[in-house]
Amino acid sequence: MLGAIIGDVVGSVYEFERTKSKHFEPFIHPDAVPTDDSVLTVAVADALLHGRDFAESFKDWGRRYADVGWGAYFFRWLFSETTKPYGSFGNGSAMRCSPCALLAKSLNEALELARRSAAVTHNHPEGIKGAQATVMAIFLAREGLDSQAIRARIADFSGYDLDRTVDEIRPGYTFDETCQGSVPEALICSLEAESFEDAIRNAISLGGDA
């Protein structure tokens, strides 16, 4: 969870002022802050640890932090009385799901928790798949699989094109907040990385939804 939150904080200043360089300094900018994705990562963990309904937890935590950069559709859902999903395939489902991989006891359980955490709002098949692919990567890494094995398993599960490099993606990549347009690229940034910091630098250097 700390890894997900640190990545969110570091990338926060580059979401709308993008860079195509890995060599930005300082690593954590003085203006960097946690965003909506950190809040919902905590909300997912709270739901799983304490048996809370995901929608209840999202609304509880989200309403405490009303000004952290919520997407328009989620913001309307957050402050409405409804708990019905709205068919999103945005990458928010993948940004908040890491606790599902940390608390699950099996890959099947991890995938089911990812599905449930996504479907509260992101019940489009691509929204669910983005969360499941992310959780699968984390779970398999914790199981000790190497990057090549993880890449193959996720590609087979999701159909994502993971046979690209960060350097190949970077030149033509633009802001894309859909799961299908950002989760494969984020996974490549991680699977190719030489360290935790390198993974974050890879992701920000694409010049997309940092």
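I started with aspartate 176, which is partly exposed at a relative accessible area of 26% (buried is under 20%, exposed over 50%, partly exposed in between, with a 1.4 Å probe and protein chains only). Before going on, I noted that this is a predicted model, where local features need pLDDT of at least 70, side-chain atom pairs count only at pLDDT 80 or more, and totals for chains, interfaces and linings use all residues. Residues are numbered from 1 along each chain as its sequence is written, and side-chain values use heavy atoms, with hydrogens and water left out.

Next I looked up where aspartate 176 sits: the loop between helix H10 (166-169) and helix H11 (183-191) (helices are DSSP runs of H or I, at least four residues, numbered from the N terminus). Threonine 178 has its place in the loop between H10 and H11 too, but at 19% relative accessibility threonine 178 counts as buried.

How far apart are the side chains of threonine 178 and aspartate 176 in their polar contact? I got 2.7 Å (a pair of N or O atoms within 3.5 Å, one able to donate a hydrogen and the other to accept it; residues adjacent in sequence count only if both atoms are side-chain atoms).

Then I checked contacts (heavy atoms within 4.5 Å), skipping neighbours within four places in sequence. Aspartate 176 is in contact with Asn91, Gly181, Ser182 and Asp209. Threonine 178 touches Phe89, Gly90, Asn91 and Val183.

Terms used. Helix = DSSP H or I, 4+ residues; strand = E, 2+ residues; numbered from the N terminus.
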